[in-house]
Amino acid sequence: MSEASARTEQVNPKPPEDEDDSARTEQVNPKPPEDEDDHEDQPALQLTRRNLLALGGFLAASIAALYFLLPQLAGLDDTWSRIERGRPVWIAAAFLLTFGMFGGYTAMFRGIFAGVSDRIDWRASYQITMAALAASRLFAAGGAGGLVLTAWALRRAGVARRTVADKTMAFLVLTYFPYVLAVVICGFGLHWGIFEGSDPFAFTFVPAVIGVVAMLICVALAFVPTDLQRRVAPFARRAGRIGKVIESVAQAPAATSAGVREAIHHLRSRDPALLGAVLFWAFQIAVLWAAFHAFGDAPPTAVLIQGFFVGMLGNLLPMPGGVGGVEGGMIGAFVAFGVDGGLAVVAVLVFRAFTFWLPMIPGVVAYFQLRHTVDRWKRQPAGAAA
């Protein structure tokens with residue numbers, strides 16, 4: 001009986017199990033591999049009607065606090081009368097100089113990223129930089145929101161994840177290099193009497209020393225092997241939990257080293273795009289200079305530059321775009337340099353109105369334009385991308 005059934009099974013074998021059927025089906029019609037970028041179809045930071053209303057309320061409250069409450073708390077009752085006596089020509093000049101600031105930033109961005117994807121043209125560069133500037137003001141302190149949105153846009157443009165990290169780090173290093181260099185030169189110059197202006201130690205010598213330390217750390221990171229994490233991996237596997245911590249810690253300096261080396265390469269090649277970083281900061285200082293002239297006399301050049309950059313450290317405060325922190329930092333710095341308090345308040349508030357509040361409108365518009373651009377990239381095959 002068993003031999004007969006065996007022969008029957010050989011003639012009419014049983015159908016394989018269901019799991020084997022599914023395996024063969026998958027071989028004939030394999031499932032499309034999951035795209036690692038599918039989850040990146042939407043930016044991590046999105047502007048919706050709800051958060052736009054919330055942000056609008058916050059910004060309205062911030063404007064009211066800065067432009068109405070601050071002068072009264074500071075005992076500067078003549079602030080608004082000073083504004084009424086402002087010279088319109090200089091205010092118009094401050095407004096026009098604002099466009100140079102964003103032109104320099106866009107040029108810098110395109111110069112760094114254009115070589116990694118043919119999709120990063122001038123139009124896309126403008127949309128990414130303006131949308132990122134708006135995100136950095138609306139969503140996080142220290143520019144983190146802008147970095148997240150920029151990374152998302154670059155990934156959708158077809159740029160490899162590692163390239164995004166390296167180029168973004170290089171972009172940040174090159175953008176803030178003129179910042180640190182100016183603080184060092186003006187800080188030591190004012191402290192040692194080389195430049196005209198007073199010498200409040202905490203606003204001249206101390207920031208200059210910090211700037212020197214920051215540059216030395218940056219240069220030192222360039223000597224860290226970019227594959228440091230791979231090199232410590234064998235030791236990490238033998239060290240247990242401590243090894244995992246060491247391997248994780250090694251990732252940050254290794255990634256930073258690649259970006260710093262990329263930045264040094266741009267510096268050595270004298271990339272003309274680097275001029276964009278200089279223009280980005282120079283036009284901002286020019287806006288502040290015009291705002292001072294609109295209501296009085298501008299402080300000496302070195303004082304203007306040092307007060308500007310020290311005050312910009314307020315961006316690191318845990319509030320959207322450093323709102324209130326930058327204004328308070330700049331006003332406090334200029335008062336420490338001996339600038340009239342009322343003049344400092346009104347000049348800084350006008351400066352921030354042009355460089356912070358006003359560009360948020362085109363920045364939000366650029367965000368939605370960028371969304372349409374990304375949708376177009378998804379429908380069209382990418383060209384050659386590094």
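User: How many aromatic pairs does the count come to?
Analyst: The count comes to 24 aromatic pairs, where rings of Phe, Tyr and Trp (its six-membered ring) pair if their centres lie within 6.5 Å. This is a predicted model: local features need pLDDT of at least 70, side-chain atom pairs count only at pLDDT 80 or more, and totals for chains, interfaces and linings use all residues. Residues are numbered from 1 along each chain as its sequence is written, and side-chain values use heavy atoms, with hydrogens and water left out.

User: What describes a pair of aromatic rings?
Analyst: The distance of the centres and the angle of the planes describe such a pair. Planes under 30 degrees apart count as stacked, over 60 as edge-to-face and the rest as tilted. Phenylalanine 188 and tryptophan 192 are stacked, at 4.8 Å centre to centre with 10° between the planes.

User: Is phenylalanine 188 buried or exposed?
Analyst: Buried means under 20% relative accessible area, exposed over 50%, partly exposed in between (1.4 Å probe, protein chains only). Phenylalanine 188 counts as buried because its relative accessibility is 16%, whereas tryptophan 192 is exposed at 55%.

User: What describes two packed helices?
Analyst: The angle between their axes and the distance between the axes. Axes are lines fitted to C-alpha atoms, for helices over the stretch in contact, and angles run from 0 to 180 degrees between N-to-C directions. Helices (H or I, at least four residues) are DSSP runs, numbered from the N terminus. Helix H13 (residues 301-311) and helix H14 (residues 325-336) pack at about 145°, with axes 7 Å apart.

Terms used:
Helix = DSSP H or I, 4+ residues; strand = E, 2+ residues; numbered from the N terminus.
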